[in-house]
Amino acid sequence: MKPAPFAYHAPDTLDEALHLMATLDNARVLAGGQSLMPMLNFRVVQPEHLIDLGRIPELAFIEPTPHGLQVGATTTQRTIERSALVRQYCPLLIDALFHVGHQQTRNRGTIGGSLCHLDPSAELPVTACALDPVLTIASQNGRRQISFSDFPAGYLTSTLEPNEILVRIDFAPWPERTGTAFEEFACRPADFAIVSVAAVITMDSGDRISEARIAIGGISAVPMRMTEVETLLLGAHCDSGLIERAAAGAAAFPSVGDDNYPAEYRQELAAHLLQRALTKVIQRIQT
Amino acid sequence: MSAHRIAVVVNGKKCECEVDERVSLAEFLRQDLRLTGTHIGCEHGVCGSCTVLVDEISVRSCLMLAVQADGRRIETIEGVAREGSLQPIQEALSRHHGLQCGYCTPGVVMSLIELERENPAGGLSDADIRKALSGNLCRCTGYQGIVDAALELFGKRDAAQG
């Protein structure tokens with residue numbers, strides 16, 4: 001065995017889990033474990049208590065409501081990618097999940113786990129950055145709701161308090177004539193993305209862009225919206241010239257870099273991926 | 001550190017055991033149950049050699065704690081062959097030279113069993129099969145033999161060849 005010693009708790013209800021979170025020091029929530037288990041094995045994290053959410057049925061569900069699609073935090077990526085409801089109401093999630101890990105990891109990995117882990121190269125946080133769902137966060141003191149845009153605090157860090165658990169993600173319904181696309185580049189399919197782009201575009205009846213959300217991962221510590229590019233797109237007629245200008249805007253965004261993939265390379269990827277994503281989105285809206 | 005009592009069904013056999021909470025499912029299978037066919041490679045979810053089925057779905061047994069398997073049904077490579085004769089996936093891998101050192105093979109077989117169960121009608125493309133196998137690293141075969149074996153069993157008619 002590789003992890004440092006910890007005490008394992010497997011509550012059957014959310015209330016019980018919240019009680020444990022409120023009373024135990026240095027406790028960590030275990031969802032699908034596809035990121036946390038390697039971190040435990042490497043001893044990058046050494047919690048004293050591990051609270052497994054895997055036996056709490058009330059946290060795993062997909063439900064359509066008048067206000068959009070509600071997804072329980074421990075719903076597995078496998079369940080989401082096969083859900084007809086998600087395909088109908090939030091196909092961007094399925095496009096993104098196509099790139100997430102492998103079947104064996106998606107079988108266990110959860111949407112809430114991925115959003116809370118906030119790996120900058122992970123697909124679901126980038127998707128959430130574009131869709132900006134409302135997160136319901138619970139503690140023993142009650143529940144609060146925040147937009148995903150207020151959720152990331154920094155590299156691998158969310159604004160969750162130590163006694164809180166993410167319980168639900170609400171994706172808002174989109175107006176007619178909305179298209180979405182997810183594009184990424186990785187060295188091998190299913191590998192971590194170097195850069196990924198999620199695009200959500202709405203067009204009015206006159207084919208002008210009335211809403212544009214462009215999220216990008218891999219150029220900063222947390223996924224971010226390309227607001228300058230969104231401004232450029234808003235109100236414009238979509239043609240190849242516009243897509244080229246948007247791509248140029250993406251390439252101009254400052255980027256982090258490392259020895260393997262320097263900033264200039266990531267910026268170039270950003271431009272190409274945005275071009276691909278926008279082309280796909282427009283095709284999807286117009287067909 | 002403390003021991004947890006778990007009850008699991010492994011390859012159809014019930015067993016109740018005490019496990020330490022830090023023990024992974026892979027270690028539990030290999031060390032406690034002496035089912036050493038499940039191989040441990042990277043121990044952080046990259047290589048796929050520890051793939052087993054838990055309640056019919058494939059998982060990395062290095063990324064699941066043995067305590068998490070309490071009450072679940074586990075299938076490992078030891079339960080695949082029946083009465084001394086290889087299962088068709090094993091036969092096909094052998095026929096197509098889909099293995100050499102054999103380290104990754106138990107994981108590959110378990111992934112292919114899941115693929116078969118999810119696609120009973122077959123008709124899969126080369127790309128479908130490569131995607132299904134993308135979570136299993138093999139350093140010997142270059143994958144072609146493994147893909148050929150899977151294509152023969154679950155592939156589209158015209159793509160399958162003996």
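Here are some friendly notes on this predicted model, covering domains, the chain interface and a piece of sheet.

1. Let's begin with the layout of chain A. Chain A splits into domain 1 (7-52), domain 2 (57-171) and domain 3 (178-286). Between the centres of domain 2 and domain 3 of chain A, taken over C-alpha atoms, there are 21 Å.

2. Those two domains of chain A also touch: 20 residues of domain 2 are in contact with 23 residues of domain 3. On the domain 2 side, helix H5 (91-97), helix H8 (123-131) and strand S8 (152-154) of chain A each supply at least two residues. The most comes from H8(A), with 7 residues. By class, this side of domain 2 of chain A has 12 nonpolar, 6 polar and 2 charged residues.

3. Next, the interface between the chains. Here 25 residues of chain B are in contact with 23 residues of chain A. On the chain B side, strand S4 (residues 57-60) gives the most, with 4 residues. The residues of chain B that touch chain A divide into 8 nonpolar, 11 polar and 6 charged.

4. A hairpin in chain B is worth a look. Strand S1 (residues 3-10) and strand S2 (residues 13-20) of chain B run antiparallel and are joined by 8 bridges. Within this pairing, Arg5(B) stands opposite Glu18(B) in S2(B). The hairpin has 2 residues between the strands, and Asn11(B) takes a positive phi near 50°.

5. What else does S1(B) pair with? Strand S5 (residues 73-75) of chain B runs parallel to S1(B), joined by 2 bridges. In this pairing, Val10(B) stands opposite Ile74(B) in S5(B).

Methods: Residues numbered from 1 in each chain as written. Chains lettered and ligands numbered in written order. Predicted model: local features only at pLDDT ≥ 70, side-chain atom pairs only at ≥ 80, totals over all residues. Domains from an automatic or database assignment. Contact = placed C-beta atoms within 7 Å. Nonpolar A, V, L, I, M, F, W, Y, C, P; charged D, E, K, R; others polar. Pairing = 2+ DSSP bridges.
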